[in-house]
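Please look through the following structure together with its sequence, and then work through the questions below.

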Amino acid sequence: MQRAIGVARQGMNDDKGGPFGAIVVKNDEIIAEACNRVSSSNDPTAHAEIEVIRKACYKLGTFQLADCIIYTSCEPCPMCFGAIYWARPKAVYYGCTKEDAARIDFDDHFIYDELEKTQENQEIPFEKMMQSEANEVFKEWKQKGNKILY
């Protein structure tokens, strides 16, 4: 955790993004480390957890981190929470809470609120279209013989 906090501080001081850092550890060895790079990369998905998952998966040659632990300087936001579950690490440890982050103007509570609303009442409109055409691809996937499940 100390290294994740250090990566957060370094990224912040280098003006890469917000004060967030994360590392992935496997067998007591740091596999990857990353800081938040949202503002420096103009990428709203470049949170420390997303960045470190990408780096670790690339290094390990896999899309899952089953034997790994993620240490992150702050409790993951909803996007990172989802990415962590897709990566399937065996544990996650975090430093600051989402309430701590809200106190420094990184408040994700509006996303949690949006998830509770029906689509008709969400701030950003979502509208289904071309469902039958899109489902054709799903049908092809279902029949595909050499697919890799995840």
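Buried means under 20% relative accessible area, exposed over 50% and partly exposed in between, with a 1.4 Å probe and protein chains only. This is a predicted model, in which local features need pLDDT of at least 70 and side-chain atom pairs count only at pLDDT 80 or more, while totals for chains, interfaces and linings use all residues. Residues are numbered from 1 along each chain as its sequence is written, and side-chain values use heavy atoms, with hydrogens and water left out.

Q: What percentage of the residues in the protein is buried?
A: The protein has 150 residues. Of these, the buried share is 29%.

Q: What span does helix α3 reach from its first C-alpha to its last?
A: Helix α3 covers residues 48–60, which is 13 residues. The expected span is 1.5 Å times one less than the number of residues. For α3 the expected value is 18 Å, and the span from first to last C-alpha is close to it, at 18 Å.

Q: Which elements are included in what covers the buried residues of α3?
A: The buried residues of α3 include A48, I50, V52 and C57. Contact means heavy atoms within 4.5 Å. The cover over the buried residues includes β1 (21–26), β2 (29–35), β3 (68–74) and α4 (78–87).

Notes: Helix = DSSP H or I, 4+ residues; strand = E, 2+ residues; numbered from the N terminus.
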